[in-house]
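Please look over the two chains shown below before reading on.

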Amino acid sequence: MFAAENGLKSDPRLQGISEAIRVVPHFPKQGLNSSLVFFFGVWLFNYFCCCGCCLTGIMFQDITTLLLDHKAFKDTVDIFVDRYRGMNISVVAGVEARGFVFGPAIALAIGAKFVPLRKPRKLPGEVISEAYELEYGTDCLEIHVGAVQSGERAIVIDDLVATGGTLSAAIRLLERVGAEVIECACVIGVREVKGQCRLNGKPLYILVEPRQIDNCC
Amino acid sequence: MSAYRDEDPRIHDIKTRIRVVPNFPKPGIMFQDITTLLLNPKAFKDTIDLFVERYKGKNISVVAGIEARGFIFGPPIALAIGAKFVPLRKPRKLPGKVISEKYILEYGKDCLEMHVGAVKSGERALVVDDLIATGGTLCAAMNLLERAGAEVVECACVIELPDLKGPGAIEWQAIVCARGVPLIMADDAILL
């Protein structure tokens with residue numbers, strides 16, 4: 001569900017957050033990684049735009065500009081913290097690498113542990129792995145054995161959700177170690193995902209939709 | 001050098017929660033695993049608080065974190081001291097226009113990138129990473145920031161590996177003494 005439809009309608013912080021995110025056309029180049037499916041979704045979203053750049057470009061949603069705006073970055077974290085504080089959540093799992101930027105601050109504020117979910121061969125200890133589908137091929141997410149105890153209540157954080165493939169893998173990993181995944185939280189998500197906004201039956205909480213290129217139309 | 005060694009009571013708990021994993025990523029390396037520190041909210045908070053207490057009120061407007069473990073410690077510090085967070089990333093991850101800095105590894109080379117325009121000339125900056133070994137990565141990070149016109153006030157790391165000799169180590173020592181203040185010595189970290 002979108003934050004604006006769940007108690008934060010007309011919250012001025014959401015507009016500031018949305019405007020602080022930079023849209024970068026034509027990144028990444030085709031075929032490089034799983035984000036292609038997301039960008040295709042955004043491209044569809046932009047298809048009816050009259051501007052030529054929108055018709056031809058992949059619109060990468062760049063959160064690094066959000067991080068340069070201290071107020072907007074703080075607002076982003078605060079909105080998630082306000083939602084999850086008091087929900088007895090003891091695990092915040094962040095998806096490498098942009099989930100690492102948001103997850104720890106949320107974990108610290110709500111008194112939870114932070115658990116990094118990483119690409120293969122990055123975590124040094126014993127791990128369990130979960131493979132997931134990309135548009136071309138597969139990728140893999142890993143969690144340390146022992147990081148999470150059975151019965152712990154967990155949320156998953158990433159900067160952006162596209163098809164939900166990565167988040168689904170994250171949910172499966174946490175459930176395999178016995179955690180209860182309460183929700184997945186992302187700063188950005190395409191509206192097309194909203195229709196299937198429950199991943200593996202888990203709710204999804206999104207702050208903003210992706211924007212078109214600035215100065216378009 | 002450690003500014004807090006044997007002084008602050010929080011240091012002991014932080015140190016004991018770092019797990020040492022032998023022979024990772026290759027034989028002979030004793031890997032300092034900070035993920036176990038992150039599992040204890042109090043110790044993780046203490047780590048951040050120690051940095052925040054040191055850097056708050058020093059007019060630092062940039063916290064640059066090195067991918068990927070610098071992304072875990074950098075943003076909470078940035079948020080607490082009122083600074084922006086700037087990710088320094090491996091090649092081809094940042095979507096906008098970047099400047100790149102190559103550096104030497106034990107075997108081969110690597111490269112760190114920063115977005116053009118993330119940092120303004122004259123800004124005071126901190127570099128954050130989980131660990132300093134030879135200092136090659138931190139040097140590349142400092143170079144990137146200085147090329148953008150920033151003044152690097154200090155490098156902040158949770159762990160320092162002592163006695164690490166490698167190419168350019170002698171040159172690096174001088175930079176660490178002048179500008180780097182690692183927090184903890186790993187030589188007496190406890191094996192779990």
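A contact here means heavy atoms within 4.5 Å. On that basis, residues 24 or more positions apart account for 66% of the contacts in chain A with a separation of 6 or more, and the corresponding share in chain B is 67%. This is a predicted model, in which local features need pLDDT of at least 70 and side-chain atom pairs count only at pLDDT 80 or more, while totals for chains, interfaces and linings use all residues. Residues are numbered from 1 along each chain as its sequence is written, chains are lettered from A and ligands numbered from 1 in the order in which they are written, and side-chain values use heavy atoms, with hydrogens and water left out.

**The chains**

- Chain A has 8 helices and 9 strands, where helices (H or I, at least four residues) and strands (E, at least two) are DSSP runs numbered from the N terminus.
- Chain B contains 6 helices and 9 strands.
- Buried residues (under 20% relative accessible area, with exposed over 50% and partly exposed in between, for a 1.4 Å probe and protein chains only) make up 57% of the 217 residues in chain A, and 55% of the 192 residues of chain B count as buried.

**The interface**

- The size of an interface is often given as the accessible area lost when the parts come together.
- Chain B and chain A bury about 2800 Å² between them, 71% of it on carbon and sulfur atoms, the buried area being the accessible area (1.4 Å probe) that two parts lose on being put together, summed over both.
- In chain B, the residues that lose the most area to chain A are B:Leu39, B:Leu79 and B:Pro95, which together make up 23% of what that side buries.
- The contact takes 35 residues from chain B and 34 residues from chain A.
- Across this interface of chain B and chain A the rule finds 0 salt bridges, a salt bridge being a side-chain nitrogen of Lys or Arg within 4 Å of a carboxyl oxygen of Asp or Glu.
- Among the elements of chain B that give two or more residues to the side touching chain A are α3 (41-55), α4 (70-81) and β4 (84-88), and the largest share, 6 residues, comes from α4(B).

**Nonpolar cores**

- A nonpolar core is a set of buried Ala, Val, Leu, Ile, Met, Phe, Trp, Tyr and Cys residues joined through side-chain atoms within 4.5 Å.
- Of the 70 residues in the largest such core, A:Val92, A:Phe102, A:Ile106, A:Leu207, B:Val63 and B:Phe73 touch the most other members.
- A second, separate core of 30 residues includes A:Ala170, A:Leu173, A:Val181 and A:Leu199.
- Not counting residues up to four places away in sequence, B:Val63 touches residues including B:Ile77, B:Ile81, B:Phe85 and B:Leu126.

**Two individual residues**

- B:His115 is found in strand β6 (residues 109-115) of chain B, and B:His115 is buried, with a relative accessible area of 6%.
- Leaving aside residues up to four places away in sequence, B:His115 touches residues of both chains, among them A:Arg22, A:Asp62, A:Thr64, B:Leu94 and B:Pro95.
- The backbone nitrogen of B:Gly96 lies 2.9 Å from a polar atom of the side chain of B:His115.
- A:Ala109 has its place in helix α6 (residues 99-110) of chain A, and A:Ala109 is partly exposed, with a relative accessible area of 37%.
- A:Ala109 touches A:Val81 and A:Arg85, not counting residues up to four places away in sequence.

Definitions and conventions. A polar contact is a pair of N or O atoms within 3.5 Å; within protein, one must be able to donate a hydrogen and the other to accept it, and residues adjacent in sequence count only if both atoms are side-chain atoms.
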